Amino acid sequence: KEIFLKLTEKYPEFADYFSESLAKRISSARSRSQQPTLEKLLTLQVKNLKVRKVPRVLPGESVLNAVKKMSAEGASCALVEGNPAGIITERDVLRKVVAEEKDPKLVKVEQIMSSPVVSVSKEDFLFDVLLLMAKHNIRRVGVKEGERIIGVIEDRDIIALESQSLLVLIKEIQKAKDTQELSYLYSLVSELVKNLFSEGVKPYIISRLISELSDKFVKRAVELAIKELGLEPLVSFSVLALGSEGRREQTLKTDQDNALIYDDTYPVLDVDLKDYFRKFGKKVSEILLKVGFPPCPSGVMVENPEWNKGKSEWFKTLEEWFRKPEPKNTLKAGIFLDFRNAFGDASLEGELREFVFELAQRHELFIAYMLRDAVRFRPPLGLFGRLKTEDEGVDVKKGGIFPITHGVRSLAVRFRVPQTGTLERIEALTRKGILDKEMGENLREAFNYLQHVRLKSQIEKLSRGEEPDNYVKPENLTKLERDLLKDAFRVVEEFQSFIERRFLAYLPR
């Protein structure tokens, strides 16, 4: 006993090996192996920053009075009292008053303010603030205490904390004039990812950042496509991100997985909608290819008519998939059901999701066959729990990541979980009691670790000038990393056994 306790005290890895909780073991080993620098920055809470106090004005005040108050307090904006509250900025004054040669004495604040204010709470993380600024293309957000906005955080506050590279890249993407500029900016993403990983940022956060950048590239590609076509879409549409991009779990090995939905329920228009959106989809895919996004080997791209349809057509397609649980249909559904709006009308995504949930309730057999796909590929564990390797190494996606993501995806659709991210889905399924707390915790840690190992291997291959893939060579891992990889695969085995016991017992073998 004395020797054992001395060993656990002297060697943290030894202590971790005997931790009673597998999730804690994986988590503690990962956190110790990474020295968090930028990670700490990205996970700071809003309350850790100094919130800027700004003047308050009334909607009926003149813009001149508002500017005087802003100038007196050295502020670049002012909060506008009301329910909901509003905000007026220097940029609003320049663009909507000065540039239009209006008299600031006569223009009221309510005429140029923005409302409601995009805001966060003091408990939110700085990482989420960054994503919110990027999503809404704004330089500042309001900070709430309870229901009252007490001040603002500006992008320069975040830049002061050395995270400007991400914000600058996002802004440059939005300003890019052509595909050549976008292609150059896309080439910077890999370097950004390598830097973030080397500084200890968790793969979960890196994947979210990659996805946010991908959304910005898609948005700019759509804008350039519309410009080249010379005709704005006459109906609402949505470019849907699918697969890992839809789940916001992209790594360095990713291709175009997207689809298009448009509202085809309007009366007959002068323009042939199907013809227009096919040209539109072809142009968007063409631009993304020029930017550097690899084509999807299975053709899951907006240029493909099979993945480019009106709303009513998509409803028919989904109904056909769910009525016939054939391998080709469960495969397509597996790709599609991570969909989320990357650019366009988000309400179309909402309609699709509600329709999918209704189909899942009526066609439980289809979900069961999808779940069977989640147990088709077994973790690469051999006799006595040894890792089974191929010439290229261990395929962590096929044997670990896919069974988790696909199993969790299928359960999320079955139990009406609207989230698309695997970790968020696991959390929601745990709250609903579908997964018990221990399994949910183990799945989260196993998934995070598999993503970590895969991303680390991809970055190392990229540094050697090799093409990143999903294989990891066990000989390049430390003894602890190999043990944790085996533990993660054992969690996958337990999850697959759970699926078989609870949902597949009645299916023919």
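**Exercise 1. Find how many aromatic pairs a search of the whole structure gives, then look at the one formed by Y186 and F293.**

Step 1: A search of the whole structure turns up 23 aromatic pairs. Here, rings of Phe, Tyr and Trp (its six-membered ring) pair if their centres lie within 6.5 Å; planes under 30 degrees apart are stacked, over 60 edge-to-face, and the rest tilted.

Before going on, know your model: it is predicted, local features need pLDDT of at least 70, side-chain atom pairs count only at pLDDT 80 or more, and totals for chains, interfaces and linings use all residues. Residues are numbered from 1 along each chain as its sequence is written, and side-chain values use heavy atoms, with hydrogens and water left out.

Step 2: A pair of aromatic rings is described by the distance of the centres and the angle of the planes. For Y186 and F293 that's 4.5 Å centre to centre and 35° between the planes, so by the cut-offs the pair is tilted.

Step 3: Now place the two rings. Y186 is in helix α11 (residues 179–187), while F293 is in the loop between α15 (273–291) and β9. They sit 107 residues apart, so the pair links distant parts of the chain. (Helices, H or I with at least four residues, and strands, E with at least two, are DSSP runs numbered from the N terminus.)

**Exercise 2. Work out the order of the strands in the open sheet, and which ones stand at the edges.**

Step 1: The sheet has 4 strands in the order β9-β8-β7-β10, with mixed pairing. Two strands pair if DSSP finds at least two bridges between them.

Step 2: β9 (308–310) and β10 (340–344) are the edge strands. Each has a single partner strand, so one side of each has no neighbour in the sheet.

Step 3: Zoom in on β7 (residues 237–241) and β8 (residues 258–262), which pair in the antiparallel sense over 5 bridges. Across from L240 you'll find A259 in β8.

Step 4: Helix α13 (residues 203–229) packs on this sheet and touches β7 and β10; contact means heavy atoms within 4.5 Å. The direction of α13 makes about 40° with that of β10. (Axes are lines fitted to C-alpha atoms, for helices over the stretch in contact, and angles run from 0 to 180 degrees between N-to-C directions.)

**Exercise 3. Describe the largest cavity: its volume, and the helix that gives the most to its lining.**

Step 1: On a 1 Å grid over the protein atoms alone, a cavity is a set of points where a 1.4 Å probe fits but cannot get out, and lining residues have an atom within 4 Å of a point. Grid points are joined across faces, edges and corners, and a volume is the space filled by probe spheres set on the points.

Step 2: The count comes to 4 cavities of 30 Å³ or more, and the largest holds about 100 Å³ of space.

Step 3: Its lining includes V453, K456 and R464. Helix α22 (residues 437–463) gives the most, with 5 residues.

Note on methods
1 Å grid on protein atoms, 1.4 Å probe; cavity = no way out; pocket = protein on both sides within 12 Å on 5 of 7 lines; lining within 4 Å.
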